[in-house]
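This report considers the backbone of one protein model. Please examine the sequence and structure shown below before reading on.

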Amino acid sequence: MARRIRSVGILALVSLIALFALTPLAGAAPRAAETKTVTIKDFEFAPKELTINVGDTVKWENDGPSTHSATSTNGVFDSGAIAAGEDFSFTFTTAGTFNYACKFHDIMQGTITVGAAAPAPAAAPAAQPTVAVDAGDQPVVDGAITVASVTAGQDGWIAAHLDENGAPGKVLGQTAVKTGDNKDVKIKLSEDVPVGGKLWPMLHIDAGTIGTYEFPGADVPVKDAAGNIVMKQITVTAAGGAPAAEAKDAVEVDNQAIKNNSITIEEVYASKDGWIVAHLDENGAPGKVLGHTAVKAGESKDVVITLSEGVPVGGKLWPMLHIDAGTIGTYEFPGADVPVKDAAGNIVMKQITVTAAPAGLPKTGGEDNSLALIFSALVLLIAGGLLMRRMRRV
Ligand SMILES: [Cu+2]
């Protein structure tokens, strides 16, 4: 009996050892597909650019109060409306670069790059005639850097890689360059780089689809005769600052009926506390102010502006974003509370038309009701009076 118990014990022990021995084997199996998350908040996809491997899934999570979408610009995927708190997942089964945007707010854009996670310069063409990149430390101006000189052995690209632990990492932007010398080539960056941040302007070839930047993909980095990638590390000396932050300011509003003497602004994004202001249209441009409502920095939804006067059906209004300066909390315009401009220098506003107004109907109905009420009250009073007189007579 004791012997049997012992052998059962040994069997259990052996099984346990086998289990532990097998576990690491399972772990060493081919890399499992991953799910990476893109957060949607404050009219932005974060991260804006994401690199994954074939077979991975991207999950877009809407953490903001507004409805957004993740819609591929070339029809590969479309989330449809993702309401606040909801999410959408898509599994990428082919390599490539997939640009997408929010179909409700075209300022919201992102890119999913599917392929080898690490840059693969292995296939770089051998010795090039003369190839060189020269760029100095510099500030980011208007969201771009300038590469002083690019010498290319064939038509290609100068790409700005972000520094990741001292080596070139993800691509923030690229500009086409021609064979030979290219001077003062500007590269527009897709995201801010703080002062002290480092970038690697790097020469790539243009292969695969000519005129389309494909990396990871056909447009591999160029190597010089010594086998070194043609690139140079630079440091950002002073960031361009404000314009990038203000680029997000936005007003989203549709044509609508006036209800209770007010209009509703579907969404406002303000980079700082301010006002959403209803300007009356005067000859196609925003004119006098009919009303204003304070908005906080960030995203605001369904902001109601009460109008100081009626606007006929077909009349036009310009909801416009203003800052709150001067006396904070007091609307001063003309004055300190000037309109907000976006990065391109355009005032953040949108023209809307007052549509056929069901607004008038409840009002008319309301008046009818109150007239009827007054009439009934009068009838009651008179009837009451008559009754009292008759009672006194009795
Ligand atoms: Cu959106």
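Predicted model: local features only at pLDDT ≥ 70, side-chain atom pairs only at ≥ 80, totals over all residues.

## Background

Most peptide bonds are trans, and most residues other than glycine have a negative phi.

Proline 216 belongs to the loop that lies between β14 (198-205) and β15 (234-235).

The peptide bond from phenylalanine 333 to proline 334 is also cis, again with omega near 0°. In this case, proline 334 is placed in the loop between β21 (316-323) and β22 (352-353).

## Positive phi at aspartate 42

Although aspartate 42 is not a glycine, its phi is positive, at about 50°. The residue sits in the loop between β1 (35-41) and β2 (44-46).

Is aspartate 42 buried or exposed, or does it fall in between? Aspartate 42 has 16 C-beta neighbours inside 10 Å, and therefore counts as partly exposed. The reasoning rests on two cut-offs: a residue is buried with 20 or more such neighbours and exposed with 12 or fewer.

## Positive phi at asparagine 261

Asparagine 261, which is not a glycine, has a positive phi of about 60°. Its place is in the loop between β16 (250-252) and β17 (262-270).

Asparagine 261 counts as partly exposed because it has 16 C-beta neighbours inside 10 Å.

Methods. Residues numbered from 1 in each chain as written. Helix = DSSP H or I, 4+ residues; strand = E, 2+ residues; numbered from the N terminus.
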